[in-house]
Amino acid sequence: MQKGFVALLDVLGFAALVSSESGGSRLQRYLECLQTALDTPNAVDVDYVVFSDSIVLTAKGDSEESLRALIQQCSRLFCKMLENEFALRGAIAYGSYLRAEDTGRVFVAGNPIIEAYRYETIQDWVGIMLAPSVVTRVPDLVSKCQLGAYSTTEELAQLKGRLDWAAYVQPWSGIPFHNSGSGEHDNFQGFAIVPTS
């Protein structure tokens, strides 16, 4: 087992996509979209497995740099999918998991996948959020993602230092969750991935 960051993403409306008359060409476009977004030279710190409409990305290591690489990869994929009219919903979680690969076979299981799945299924939007385990692991995430105003050279330099985070993930107080039975949607205060090309 290793500790690290895992993203679980779901392509919304996949059954309709496959069963439509243009299903074959849309599936080919989906594959090309995945390859373009995920098979990039700067993506060496992130591995992925795709099964139909489920995409699982794992970061190598459990450092903040590993999380940032995973967030950036999810951001690029989210953007590319939206450009091609594929809706994604998902979550990124942190914890102990097992990833084993052997001659074309990949096995991924563990607590962060369960947590990411839980948060993916309760969201009621097109979007990717950070699960609470990630926010606990990186407690200064709010300051890392701060855009803020800048009026001095020093403030501009500080903003440039934060852009590796702030351009890809932002605090969001209105992540909508499915109805909890109260008659209204619940909103979660958390962090959302920004789709970025």
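Q: Before we start, what does "buried" mean here?
A: A residue counts as buried when its relative accessible area is under 20%, and please keep in mind that this is a predicted model.

Q: OK, what share of the protein chain is buried, then?
A: By that cut-off, 43% of the 197 residues of the protein chain count as buried.

Q: And how many helices and strands are there?
A: The secondary structure of the protein chain consists of seven helices and eight strands. The radius of gyration is 17 Å, close to the 16 Å that the globule rule gives for 197 residues, so the chain is as compact as a globular protein of that length.

Q: Switching topic: where does glutamine 72 sit?
A: Glutamine 72 is part of helix H3, which covers residues 64-83.

Q: Is that residue buried or exposed, and why?
A: Glutamine 72 counts as buried, because its relative accessibility is 15% and the cut-off is under 20%.

Q: Which residues does glutamine 72 touch?
A: Leaving aside residues up to four places away in sequence, glutamine 72 touches Asp164 and Tyr168. In the case of aspartate 164, the backbone oxygen lies 3.1 Å from a polar atom of the glutamine 72 side chain.

Q: Last one, how many charged side chains are there, positive and negative?
A: The protein chain has 15 positive and 23 negative side chains, and the centres of these two sets lie 4 Å apart.

Terms used:
Residues are numbered from 1 along each chain as its sequence is written. This is a predicted model: local features need pLDDT of at least 70, side-chain atom pairs count only at pLDDT 80 or more; totals for chains, interfaces and linings use all residues. Side-chain values use heavy atoms; hydrogens and water are left out. Helices (H or I, at least four residues) and strands (E, at least two) are DSSP runs, numbered from the N terminus. The radius of gyration is taken over C-alpha atoms; the globule rule is 2.2 Å times the number of residues to the power 0.38. Buried means under 20% relative accessible area, exposed over 50%, partly exposed in between (1.4 Å probe, protein chains only). Lys and Arg count as positive and Asp and Glu as negative; His and the chain ends are not counted. The place of a charge is taken as NZ of Lys, CZ of Arg, CG of Asp or CD of Glu. Contact means heavy atoms within 4.5 Å. A polar contact is a pair of N or O atoms within 3.5 Å; within protein, one must be able to donate a hydrogen and the other to accept it, and residues adjacent in sequence count only if both atoms are side-chain atoms.
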